[in-house]
Amino acid sequence: MKKFFAQDKVSVGIIAGVGAEVGFCLALAVGLLIAGEPLMAHVRWFAGMFIPLILVLHHYAKKRTQLRVTKTLIVVFFVTFLAFMFYLLKSNILVLQ
């Protein structure tokens, strides 16, 4: 497993980035379900999924040896952030005045 994440491939960046986001979302969803809270009432809390992604990006950017992975993580962050903001705006959870 460690050998896979040491490669400088686009697939490593996608798996590491999306995996970090999905892992956070699953943990948050399980926590909310255990607490008996509805998921749709706390959709904004899912914005925390970008924190693990930023930490993974920081790890790869600090190495400076895996530039493809770093660039892929930046693209994953940008695309998922835009998709999340689009969802918040379209579902009227986030309203711009």
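The buried residues (under 20% relative accessible area, 1.4 Å probe, protein chains only) of helix H3 are Phe50, Leu53, Leu57 and Tyr60. Seen down the axis of H3, these buried residues fall within an arc of 90 degrees, so they line one face of the helix; the arc is that of the directions from the helix axis to the C-beta atoms. This is a predicted model, in which local features need pLDDT of at least 70, side-chain atom pairs count only at pLDDT 80 or more, and totals for chains, interfaces and linings use all residues. Residues are numbered from 1 along each chain as its sequence is written, and side-chain values use heavy atoms, with hydrogens and water left out.

**Helix H3**
- Helices are DSSP runs (H or I, at least four residues), numbered from the N terminus.
- Cover for the buried residues of H3 includes helix H1 (2–5), helix H2 (10–35) and H4, where contact means heavy atoms within 4.5 Å.
- Ile51, Leu55, His58 and Lys62 are exposed (over 50% relative accessible area) and sit on the face of H3 turned away from its buried side.
- The 14 residues of H3 should span 20 Å at 1.5 Å a residue, which agrees with end C-alpha atoms 20 Å apart; the expected span is 1.5 Å times one less than the number of residues.

**Positive phi**
- Most residues other than glycine have a negative phi.
- Arg64, in the loop between helix H3 (50–63) and helix H4 (67–90), has a positive phi of about 60 degrees although it is not a glycine.
- Arg64 counts as exposed because its relative accessibility is 70%.
- Asn92, in the segment after H4, has a positive phi near 60 degrees.
- Asn92 counts as exposed, at 59% relative accessibility.

Technical notes:
Helix = DSSP H or I, 4+ residues; strand = E, 2+ residues; numbered from the N terminus.
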